[in-house]
Amino acid sequence: HIPAGCDRCALVEKPDNRCMEITFEFLKALFIKCLSYALVTGSSILKVPQFINIARKRSVAGLSVMMFALEAYCNMITLAYSVGKQFPFSSYGENGFLLVQNLLLIAIILFFQKKKLAGIAMVLMYVAASGALLSGYVPLATLAILQRTVNPVFILSRFPQIYKNYKQKDTGALSFLMIFVAFGGTCARLLTVFVETRDPNMIASALIGVMLNAILLLQIALYWNAKPAAKKA
């Protein structure tokens, strides 16, 4: 016979809160990990809508090569820094895919602008720099300093495109789908880096990405139905 009020009775009648907490933490970690890998996988085709837009219009009008060049720099530095810090691949893997796609876009834009040699030179420069940074010979302290430049450079990467859109009152060949997906991706990445790395540099980069992609998205919405006469104004 177990007396009423015995602790064993309490154990039988009440759920195990500790087990519930462990289950919740496990499910949260599983969700974050799945979301992170979904972002990495999705990033492999993030710029495809932009490639399609260029092919369909046979034009790179309205596109700023500076935006993609500076964004490629941010991808390259973040990739090297994250590898050096040994962060989980799921927290930074998209930077490798985006670096390749941004370099392809740089080459395509300069090709359309009749600057083939400049395009080849820029791509080779990025390839060489990426190889050096990922070689393991660059000190982590140096990579950390370079990572601190990513936020201001990323801001600069968006301003040429934002200013061009504002000045022309037109977003040209800029892909709405690419920017929309990028905005959603940076929102999700903000959550995942906060949980997986807690690194202030990575969190700040994700937050800035959310804000700047939101501005581009707003511009596309504002200038979507702009008439040709208005665009030339």
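Modeller: The protein chain exposes about 13300 Å², and carbon and sulfur atoms supply 71% of that. Areas come from the Shrake-Rupley method with a 1.4 Å probe, and for residues only the protein chains shown count as cover.

Colleague: What kind of model is this, and what pLDDT do local features need?

Modeller: This is a predicted model, where local features need pLDDT of at least 70, side-chain atom pairs count only at pLDDT 80 or more, and totals for chains, interfaces and linings use all residues. Residues are numbered from 1 along each chain as its sequence is written, and side-chain values use heavy atoms, leaving out hydrogens and water.

Colleague: How many helices and strands are there?

Modeller: Eleven helices and zero strands. Both are DSSP runs numbered from the N terminus: helices are H or I with at least four residues, strands are E with at least two.

Colleague: What percentage of the residues count as buried?

Modeller: 41% of the 233 residues. Buried means under 20% relative accessible area (1.4 Å probe, protein chains only).

Colleague: New topic. At what angle do helix 2 and helix 5 pack?

Modeller: About 10°, with axes 8 Å apart. Axes are lines fitted to C-alpha atoms over the stretch in contact, and angles run from 0 to 180 degrees between N-to-C directions. Helix 2 and helix 5 are therefore roughly parallel, a label for angles under 35 degrees.

Colleague: Which residues make the contact?

Modeller: L39, V40 and S43 of helix 2, with E94, F97, L98 and Q101 of helix 5. Contact means heavy atoms within 4.5 Å.

Technical notes:
Buried < 20%, exposed > 50% of the residue type's maximum accessible area, 1.4 Å probe, protein only. Parallel < 35°, antiparallel > 145°, perpendicular 65-115°, else oblique.
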